[in-house]
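Biologist: I've got this one open on my screen and I'd like to know where the labels come from. Can you walk me through them?

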Amino acid sequence: MMQTPLLLTQMIERAEKYFPKKEIVSRTESGIERFTYKEWGERTRRLASALNTLGVKEGDKVGTLAWNHHRHLEAYFAIPCSGAVLHTINIRLSPQHISYIINHAEDKVLLVDPDLVPLLEKIKDSIPNVEAFIVMTSGPLPETSLDCVYHYEDLLKKGDPAYSFRTDLDENAPAGMCYTSATTGNPKGVIYSHRGIVLHAMALGLADTTAVSERDVALPVVPMFHVNAWGLPFASVWFGTKQVLPGPYFTPAILASLMEEEKVTITAGVPTIWLGLLNEMEKNSYDLSSLRSVLCGGSAAPRGMIKAFEEKFGIPFMHAYGMTETSPLAVIAASKSYHDDLSSDEKLDIKAKQGILVPGLEMKIIGKDGEVAWDGKEMGELALRGPWIASEYYQDERSQDAFRDGWLYTGDVVTIDEEGYIKIVDRTKDLIKSGGEWISSVDLENALMAHEDIFEAAVVAVPHAEWQERPVACVVLKEGSEGKVTKEGIVEFLKPQFAKWWIPDDIIFMEEIPKTSVGKFLKRTLRDQVQEKTAQS
Ligand code: AMP
């Protein structure tokens, strides 16, 4: 067979050639803006040429600090298709971590949204190697103390709309990079090659995964600074899919209206987003009948939430699993043809698991005595390998902990059933060990979130003199449920579902559960808060 390289250049050129009329809808600070792929392609070429003029060369890193919008999508292609490396920066990290990753990646130029300029001003003295800042706005440049600041649209005006994207790159060359938070210390960088991104996008198009196609209207709620918005923008451009980018500071109501107005068919985000949308749909009515798939990953999707989407609102829900290191799609809860005859409860059981391995990847699950049995019970750590799985952390000594013998050890503890469906039991570090036995915080959380008065629940371990660790549940009640439920009531609700020793020692009512920058439960902070509370009482 021919050894032709897999490059992002082919994706954008295909969109320009075959789908010039298809639309990109972008919600920006100036309202809804619309571009065809033809217009967007030209703008992307202009940006690539402007970056070249600013001195960006092959292999240079260009950072983005931005929400989901058309300019960010332009950067997604202009940077790698001119041979440079797209470094998407998580805007919700601490200023120290942002400055660490800008320096560690050696970003030469930064593209930044106007509202995020103050964030860079705070750290400007600690990032001396950045040569230019480009503010992504159509309005006036904000007043700023940053030096070497350019206006995005002015640069585009001067750029070349016929710029030739690079077709001579090595498919294994870096195209993108993203940092993931570490349990301790600084974030760790993951490099995505052109080849990895293209093959991952191909996987998103498979009928038995997310089946992204030209007929879809895709709305990635997951931020473009979080694992490339799960690869949706890349797949959508390649396949000519209409894209709806929700921009900054959206609310559940804004999302629901966008979905209704633009007839969105596929959307992706973490469970917190979908809990918010459910809440909104319960309060106000929207026609979301165009939705064929609500893709959910990043943390476990509670069974009760899946049930509400599917049975109350008739919206198909798709649970998936992955991580920054896996591009991210690795496992997806697609049912098999012979599952069609199962009861709705049994189908829900399948949907609530993370799913089966995506074609193209390999996995093993290592338990206490080697690979675990496919019995849905024995727990082990999931290890993965494949063409879109990272092989190391970028210039980081911590690589050797996770990457061993050609495998990525995910740090996720799972079980696998007879049919090959994986269930994430916990992160290795979040499992609760009580009297030498493991308790899954995820299972308890799922059960709690199925309670009609509970909005969110997170379970953490607290140290215990006799049992080493015991579970404590932190619970946020739904609006209007305050005073309706007691700790004892919740314990009674859990009792029939779990062994006695799994029942949390305490239930703490909270206003809010602390979350990570991408909306997952921040277990570290929660553990500290709970330990403080238990020490006080
Ligand atoms: P990140 O690299 O920030 O995307 O985080 C990846 C981690 O999120 C994984 O290692 C899992 O611990 C967790 N995760 C991702 N998807 C799921 C899921 N569907 N269910 C449970 N945990 C998940």
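Modeller: Helices and strands here are DSSP runs, numbered from the N terminus. Going by those runs, E512 sits in the loop between β27 (506-509) and α17 (523-536). Keep in mind that this is a predicted model.

Biologist: What makes E479, E482, E511 and E512 a negative surface patch?

Modeller: Asp and Glu count as negative. Patch members have over 30% relative accessible area and no salt bridge, and like charges are joined within 9 Å. E479, E482, E511 and E512 form such a patch.

Biologist: Is E456 buried or exposed?

Modeller: Buried means under 20%. E456 is at 2%, so it counts as buried. K515, at 25%, counts as partly exposed.

Biologist: How do you know that K22 and E214 pair up?

Modeller: Their closest N and O atoms are 3.0 Å apart, which gives a salt bridge. K22 is in the loop between α1 (8-18) and β1 (23-28), and E214 is in the loop between α7 (194-204) and β10 (217-220), so this pair links parts 192 residues apart in sequence.

Biologist: And why is K22 called buried?

Modeller: With the limit at under 20%, K22 at 19% counts as buried. E214, at 30%, counts as partly exposed.

Biologist: What about D168 and R166?

Modeller: That's a salt bridge too, with the closest N and O atoms 2.7 Å apart. D168 is exposed at 56%, while R166 counts as partly exposed at 22%. A search of the whole structure finds 34 salt bridges, and E23, R34, K242 and E262 are linked in a network of them.

Biologist: Last one: what makes helix α9 (residues 232-239) mostly covered?

Modeller: Eight of its eight residues are buried, among them F234, W238 and F239. Just after α9, G240 takes a positive phi of about 75°.

Key:
Residues numbered from 1 in each chain as written. Predicted model: local features only at pLDDT ≥ 70, side-chain atom pairs only at ≥ 80, totals over all residues. Heavy atoms only, no water. Patch = residues over 30% accessible without salt bridge, like charges linked within 9 Å, V, L, I, M, F, W, Y side chains within 5 Å. Areas by Shrake-Rupley, 256 points an atom, 1.4 Å probe, with all protein chains shown as cover. Salt bridge = Lys/Arg side-chain N within 4 Å of Asp/Glu carboxyl O. Charge placed at Lys NZ, Arg CZ, Asp CG, Glu CD. Helix = DSSP H or I, 4+ residues; strand = E, 2+ residues; numbered from the N terminus. Buried < 20%, exposed > 50% of the residue type's maximum accessible area, 1.4 Å probe, protein only.
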